[in-house]
Amino acid sequence: MNATGVALALFIGMLLPLQALINASLGRQSFGPLFASLSSFLVGTGVLLAWWLLTKPVFVPAALAKVPWWAWTGGVIGAVFVASATLLVPRLGAASLICLVVAGQLVGSVVLDHFGVLHARQPVDALRVVGLLMVVAGALLVVKPWQPAAGA
């Protein structure tokens with residue numbers, strides 16, 4: 001495993017709760033969480049456009065005609081994630097939100113890998129199941145759903 005890739009993934013993971021907190025703050029100070037999510041995507045789109053243009057891309061519009069319809073749905077998933085995180089972080093807290101998101105990502109990833117959805121099949125084995133259960137248990141220990149909500 002590439003150490004630089006692992007470090008970058010960990011760093012990005014550390015930024016996600018900060019992004020949710022920043023967006024929630026923007027939502028409180030402006031026109032609500034959906035506006036904050038939209039603003040996040042507009043700024044992000046500008047950054048990605050500049051980055052893409054700086055790489056001097058070769059753009060062949062005809063290639064887009066070969067892209068299947070479902071390949072465009074990633075943006076919908078991203079929008080739902082950012083808007084939901086913006087709405088939920090004030091209610092759940094950053095740690096609980098991210099723990100639940102990571103647990104959900106792992107469950108979804110194991111299922112997608114097992115069935116080979118959009119990539120080579122990687123069947124579930126006992127170690128993956130144990131790891132999955134450990135992550136879910138860890139998320140439960142952080143979220144503590146058996147305790148009443150703070151201020152309740």
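How are H1 and H2 oriented to each other? The model is predicted, and in it the axes of helix H1 (residues 3-29) and helix H2 (residues 33-54) cross at roughly 125° and come within 7 Å. H1 and H2 are therefore oblique to each other, since angles over 145 degrees would count as roughly antiparallel and those from 65 to 115 as roughly perpendicular. The crossing of H1 and H2 is right-handed.

On the H1 side, the contact is made by Gln 19, Asn 23, Leu 26 and Gly 27. H2 contributes Pro 33, Ala 36, Ser 39 and Ser 40. Sorted by class, the contact of H1 with H2 holds 3 nonpolar and 5 polar residues, and no charged ones.

The structure also holds 1 salt bridge. In this salt bridge the side chains of Asp 113 and Arg 128 meet at 3.1 Å, N to O. The pair links distant parts of the chain, with Asp 113 in helix H5 (residues 94-115) and Arg 128 in helix H6 (residues 126-143), 15 residues apart.

The accessibility of the two partners is listed below.

| Residue | Relative accessible area | Class |
|---|---|---|
| Asp 113 | 15% | buried |
| Arg 128 | 28% | partly exposed |

Why is Asp 113 classed as buried? Its relative accessible area is 15%, and buried means under 20%. Arg 128 counts as partly exposed because its relative accessibility is 28%, between the cut-offs of 20% and 50%.

Key: Residues are numbered from 1 along each chain as its sequence is written. This is a predicted model: local features need pLDDT of at least 70, side-chain atom pairs count only at pLDDT 80 or more; totals for chains, interfaces and linings use all residues. Side-chain values use heavy atoms; hydrogens and water are left out. Axes are lines fitted to C-alpha atoms, for helices over the stretch in contact, and angles run from 0 to 180 degrees between N-to-C directions. Helices (H or I, at least four residues) and strands (E, at least two) are DSSP runs, numbered from the N terminus. Angles under 35 degrees count as roughly parallel, over 145 as roughly antiparallel, 65 to 115 as roughly perpendicular and the rest as oblique. A crossing is left-handed if the near helix is turned anticlockwise from the far one by less than a right angle, and right-handed if clockwise. Contact means heavy atoms within 4.5 Å. Ala, Val, Leu, Ile, Met, Phe, Trp, Tyr, Cys and Pro count as nonpolar, Asp, Glu, Lys and Arg as charged, and the others, Gly among them, as polar. A salt bridge is a side-chain nitrogen of Lys or Arg within 4 Å of a carboxyl oxygen of Asp or Glu. Buried means under 20% relative accessible area, exposed over 50%, partly exposed in between (1.4 Å probe, protein chains only).
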